[in-house]
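Please open the model in your viewer and keep the sequence panel beside it.

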Amino acid sequence: MQSEMLMLYKLMILYILDRIDFSMADSRLTDFFIGKNYTDYFTLHETINDLTEDGFIAKEVVRNKTLYHITEAGGEALSFFFKDISPAARADIDEYLAAQRYHLKEEQSTPADYYEVKHSEYLTECKILDRDSVLLNLQITVSNEAEAERLCNNWRENSTDIYTYIITKLLTVKEKEGGDPN
């Protein structure tokens, strides 16, 4: 019975990751499985580790966030065992993804990270993504890790305003004295 449940959790994770076109944060997978009372934290993460070790999902760590996406092997396994996921479980997943789609997408469309480039010098990289396109890639060097972390933490909340400001400033033509805009 235990192995059947673990197999179901694996298939559900694959189904979730297959239904979205971006990586999903570990915290969101945890939110779904624990929020819907499917399993406990430890069983879920054991299952995620098994899927990662078997090459069915890939893991990426960005700062303090772990992201997962389905691999080609995971997609093939899901297509073969799809019927083993109950319609009720698929409905729960689809409902969760529909309710959270905006927040999930927003989390992935404004990534921010930083790297130490020299002693006491950090390069922050803040992006705005739209599917496979980079709308904005802003790199700023700051003098300490605390500033880099604060900048990255504030990016998602302010990215739209910053993007709008930059575009407006760059597209607004100031007329020089004499009337020649060039």
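**First selection: α2 and α3**

Select Asp-26, Leu-29, Thr-30, Phe-33 and Ile-34 in α2, and then Tyr-41, Leu-44, His-45 and Ile-48 in α3, which they meet. Contact here means heavy atoms within 4.5 Å. By class, this contact of α2 with α3 comprises six nonpolar residues, two polar and one charged. Ala, Val, Leu, Ile, Met, Phe, Trp, Tyr, Cys and Pro count as nonpolar, Asp, Glu, Lys and Arg as charged, and the others, Gly among them, as polar.

The model is a predicted one, in which local features need pLDDT of at least 70 and side-chain atom pairs count only at pLDDT 80 or more, while totals for chains, interfaces and linings use all residues. Residues are numbered from 1 along each chain as its sequence is written, and side-chain values use heavy atoms, with hydrogens and water left out.

Helices (H or I, at least four residues) and strands (E, at least two) are DSSP runs, numbered from the N terminus. Now display the whole of α3 (residues 41-53): its axis and that of α2 come within 10 Å and cross at roughly 130 degrees. Axes are lines fitted to C-alpha atoms, for helices over the stretch in contact, and angles run from 0 to 180 degrees between N-to-C directions. α2 and α3 are therefore oblique to each other; angles under 35 degrees count as roughly parallel, over 145 as roughly antiparallel, 65 to 115 as roughly perpendicular and the rest as oblique.

On the α1 side, the contact is made by Leu-6, Tyr-9, Lys-10, Ile-13 and Leu-14, and among its partners in α3 are Thr-43, Leu-44 and Leu-51. Seven nonpolar, two polar and three charged residues form this contact of α1 with α3.

Select Arg-28, Asp-31 and Phe-32 in α2, which meet residues of α5 including Asp-92, Tyr-96 and His-103. The contact of α2 with α5 has four nonpolar, two polar and four charged residues.

Which residues lie nearest the centre of the largest pocket? They are Glu-107, Gln-108, Ser-109, Thr-110 and Pro-111, out of 35 lining residues. α6 gives the most to this lining, with eight residues. By class, the lining has 12 nonpolar, eight polar and 15 charged residues. A pocket is, on a 1 Å grid over the protein atoms alone, an open set of points where a 1.4 Å probe fits, with protein on both sides within 12 Å along at least five of seven lines; lining residues have an atom within 4 Å of a point.
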